[in-house]
Amino acid sequence: MTTKIDDFVQALQALPRLPGVFNPWRDIDPVHDLGPRSPAARADHLHRYLTERAGRAKLMLIAEALGYQGGHFSGIAMTSERILLGNLAKAGINAEDVIAGGGQRTSQVTKKTPALGANEPTATIVWGALKQSGIDTRDVALWNAFAPDPMKADGAWLTNRKPTKQELQIGLPLLEQFMDLFPSGRVVAIGKVSEEILGELRVRVQAQVRHPANGGAKAFREGVSKLLG
């Protein structure tokens, strides 16, 4: 018997192929991926992550689009491979905070994806703020207005750009499907761009916090603390 989470992950994998868009749950990054099983591992990470939060999370923190340093390899929004491998435990962020049992590596060792795993500064700030707030991390679900990773061009691996309006409309059913997993959760936009995008998609945003990038880490932590206080 399939569940809503099964249906959602399968819908992600079935997203139409779009130029300049990397779908980590289906596509292989030929330069940085460990091998052909990398997409399946990322889909498994996401499935387990959602299973531990569906119907429970009180907040949905939604940013703009998937990060090339984070979800590109972890399969989970605003979450780095390094966190899933347990290599940020010294910073107080454990793999178990994300999914029970942690995750597996999906990247090969390269200059941009080192031995400790691909790392995303935004992911470190987001998870650090959640841990510092004292909330159970299963009470928060992270996602993006546009689920996959929009690249600057086909084959421009490990790059990001703003998703187009057409891409956002194509991805809207996936966003709605994600929110349906958390019927009692509040939608919180991470950053003004995300708030504007969600507004254009007619998604009701109940709060907004500063995006942690570009010097916004302190304001982001304060905003999350106030929301979860």
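Leaving aside its neighbours within four places in sequence, which residues is S74 in contact with? They are R42, H45, T79, S80, E81 and L84, where contact means heavy atoms within 4.5 Å. Before you dig in, note that this is a predicted model, in which local features need pLDDT of at least 70, side-chain atom pairs count only at pLDDT 80 or more, and totals for chains, interfaces and linings use all residues. Residues are numbered from 1 along each chain as its sequence is written, and side-chain values use heavy atoms, with hydrogens and water left out.

- S74 sits in helix 3, residues 71–74; helices (H or I, at least four residues) and strands (E, at least two) are DSSP runs, numbered from the N terminus.
- With a relative accessible area of 1%, S74 is buried; buried means under 20% relative accessible area, exposed over 50%, and partly exposed in between, using a 1.4 Å probe and protein chains only.
- The side chain of S74 comes to 2.6 Å from the backbone oxygen of T79, and one of its polar atoms lies 3.1 Å from the backbone oxygen of I76.
- Those two are polar contacts (a pair of N or O atoms within 3.5 Å; within protein, one must be able to donate a hydrogen and the other to accept it, and residues adjacent in sequence count only if both atoms are side-chain atoms).
- In the loop between helix 3 and helix 4 you will find M78, which has a positive phi of about 50 degrees although it is not a glycine.
- M78 counts as buried because its relative accessibility is 7%.

- Helix 1 (residues 4–13) has I5, D6, F8, V9 and L12 as its buried residues.
- These residues are on the same side of helix 1, because they cover an arc of only 165 degrees around the axis, the arc being that of the directions from the helix axis to the C-beta atoms.
- The cover over the buried residues of helix 1 includes helix 2, strand 3 and helix 7 (165–180).
- The axes of helix 1 and helix 2 come within 10 Å and cross at roughly 145 degrees; axes are lines fitted to C-alpha atoms, for helices over the stretch in contact, and angles run from 0 to 180 degrees between N-to-C directions.
- I5, D6, F8, V9, L12 and Q13 of helix 1 make this contact with A43, L46, H47, L50 and T51 of helix 2.

**Helix 6 and its surroundings**

- Helix 6 (residues 121–133) has 13 residues and spans 18 Å from its first C-alpha to its last, close to the 18 Å expected at 1.5 Å a residue; the expected span is 1.5 Å times one less than the number of residues.
- T122, A123, I125, V126, W127, G128, A129 and L130 are buried in helix 6.
- Among the elements covering them are helix 2 (38–51), strand 2 (59–65), helix 5 (95–98) and helix 9 (217–228).

**Two more places to look**

- L158 lies in the loop between strand 4 (149–150) and helix 7, and has a positive phi of about 60 degrees although it is not a glycine.
- L158 is buried, with a relative accessible area of 8%.
- K192 belongs to helix 8, residues 192–200, and counts as exposed because its relative accessibility is 62%.
- K192 and R210 are 18 residues apart in sequence, and their C-alpha atoms are 7.4 Å apart in space.
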